Amino acid sequence: MEESITTTTRRDGAGASTSNLVAKEARRDSRFYFADGNVVILVDDNLFKVHRGVLMQDSSIFTTILSLPPPVPNPEGSSDENPFILHQESTETFRALLMVLYALPHEIVAIHNPETNIDDIVLIAKAAHKYGYIRTENWAADVLSSRISAAQYRENQDFLRLLDYAILSDRSSLRDRVFKLVMCSTKSGSINLSRVIHFAERKENIWWNKVLEGAYYRYALKGPSRWNSDPSLLKRHKRNLYIGYCTLVDVRQSSFTWAHVCEDEGACSTSFRRQLEIAPFPGPMADLLGWVDYVAQSGFVIRKGQLRRAPLTPCHTVGLDTLMAMVYSLDMYELFTNSSY
Ligand SMILES: [Zn+2]
């Protein structure tokens with residue numbers, strides 16, 4: 001049974017330097033409020049009463065915090081009325097940490113079960129990382145790596161939280177594998193692209209930028225009627241998609257020049273443009289990357305009135321290389337996130 005009590009806590013987010021006190025409803029956690037616990041911790045609206053010895057395992061940061069001599073007779077953490085406050089923490093994450101610190105054997109076995117949700121293990125790894133439980137984190141990260149290697153995850157697993165953890169903890173091997181999974185699911189459309197956009201745009205690093213540009217690109221290909229009917233997208237997302245979409249189509253249709261190695265530049269350019277137009281690329285108009293790869297692999301000419309695959313002339317090969325270099329040098333991230341592109 002959860003018991004509701006009233007406690008007075010600092011909610012300014014700036015630690016103990018202020019006397020701005022705000023009364024707040026707090027609730028004793030249903031599982032991790034032990035009568036014989038000796039440190040009370042407040043996370044969100046939840047009070048945890050746990051054991052110092054458990055928190056101080058594995059050289060965690062609690063070892064430093066809790067081993068300091070109390071500065072006053074009634075120090076923070078000594079009671080429900082004066083709890084130790086963990087700012088910028090979620091009940092979900094802290095509970096996951098306590099779950100593993102207090103785990104019984106069958107609970108540890110359950111974590112190894114292939115049926116266990118990967119995101120539950122990510123929560124443990126992330127919390128252990130945050131509070132410096134090094135061996136606990138290594139164990140959770142190993143479980144995650146094994147699950148990924150053995151492809152033991154749900155069919156609709158989106159891996160976003162796992163990628164976030166792998167980047168945060170600088171585990172390059174795990175990060176690279178999960179990054180590929182996220183990019184593949186973005187490309188195949190097996191992941192909710194709006195969710196990916198919302199998740200990735202809150203992060204600021206090169207990995208999430210790549211994920212964001214990939215999600216925008218794939219969503220752009222679906223066309224305006226699809227984004228406009230997606231209530232989860234914000235106005236700015238739709239604007240970004242529209243600008244990106246139009247730019248991709250423009251680039252595909254615009255003319256370009258290259259350093260000719262032939263005798264007749266004008267006729268050569270015209271015939272090459274004609275070849276690009278007749279290449280029967282099956283993808284959407286905005287799929288610039290798909291189109292340029294398709295053209296590079298195909299090489300089409302009209303011979304005797306019929307469309308045929310044929311090797312390109314040496315000059316057209318130079319032209320195609322120039323086109324590909326131009327397309328691949330486009331900064332897709334800027335294209336979709338910077339409206340002044
Ligand atoms: Zn030429």
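The legends below accompany close-up views of a predicted model.

**View A. Strand β3 and its buried residues.** Strand β3 spans residues 39–43. This strand is mostly covered, with 5 of its 5 residues buried. V39, I41 and V43 point one way from β3, whereas V40 and L42 point the other way. Residues on both sides of β3 are buried. In a regular strand, side chains alternate between the two faces of the sheet.

**View B. The two strand partners of β3.** Strand β3 pairs with β4 in the antiparallel sense, over 5 bridges. With strand β5, residues 84–85, the pairing of β3 is parallel and runs over 2 bridges. I41 takes part on both sides of this arrangement: I41 stands opposite F48 in β4, and the bridge partner of I41 in β5 is F84.

**View C. The hairpin turn at D44.** Strands β3 and β4 form a hairpin, with 2 residues between them. D44 is placed in this loop, which leads from β3 (39–43) to β4 (46–50). Although D44 is not a glycine, it has a positive phi of about 50°. D44 is partly exposed, because 14 other C-beta atoms lie within 10 Å, a count that falls between the limits of 12 or fewer for exposed and 20 or more for buried.

View D. F159 lies in the loop between α6 (134–149) and α7 (160–168). F159 is not a glycine, yet its phi is positive, at about 65°. F159 has 22 C-beta neighbours inside 10 Å and therefore counts as buried, the cut-off being 20 or more.

**View E. Helix α7 and its surroundings.** The buried residues of α7 are L160, L162, L163, D164, Y165 and A166. They pack against four helices, namely α5 (118–131), α6, α8 (172–188) and α9 (193–200). Just after α7, D170 takes a positive phi of about 60°.

**View F. The packing of α6 against α8.** Two packed helices are described by the angle between their axes and the distance between the axes. For α6 and α8, the angle is about 40° and the axes are 11 Å apart. The two helices α6 and α8 are therefore oblique to each other. Helix α6 passes α8 in a left-handed crossing. At the contact, A141, L144, S145 and I148 in α6 meet L174, R177 and V178 in α8. By class, this contact of α6 with α8 comprises 5 nonpolar, 1 polar and 1 charged residues. An α-helix has 3.6 residues a turn, so residues three or four places apart point the same way.

**View G. The packing of α14 against α15.** Helix α14 comprises residues 288–298 and helix α15 residues 314–328. They pack at an angle of about 160°, with their axes 10 Å apart. Helices α14 and α15 are therefore roughly antiparallel to each other, since the angle is over 145 degrees. The crossing of α14 and α15 is left-handed. From α14, the residues L288, L289, V292, V295 and A296 meet L320, L323, M324 and V327 of α15. The residues of this contact divide into 9 nonpolar, no polar and no charged.

Notes:
Residues numbered from 1 in each chain as written. Predicted model: local features only at pLDDT ≥ 70, side-chain atom pairs only at ≥ 80, totals over all residues. Contact = placed C-beta atoms within 7 Å. Pairing = 2+ DSSP bridges. Axes fitted to C-alpha atoms, helices over the stretch in contact; angles between N-to-C directions. Parallel < 35°, antiparallel > 145°, perpendicular 65-115°, else oblique. Left-handed = near helix turned anticlockwise from the far one by under 90°. Nonpolar A, V, L, I, M, F, W, Y, C, P; charged D, E, K, R; others polar.
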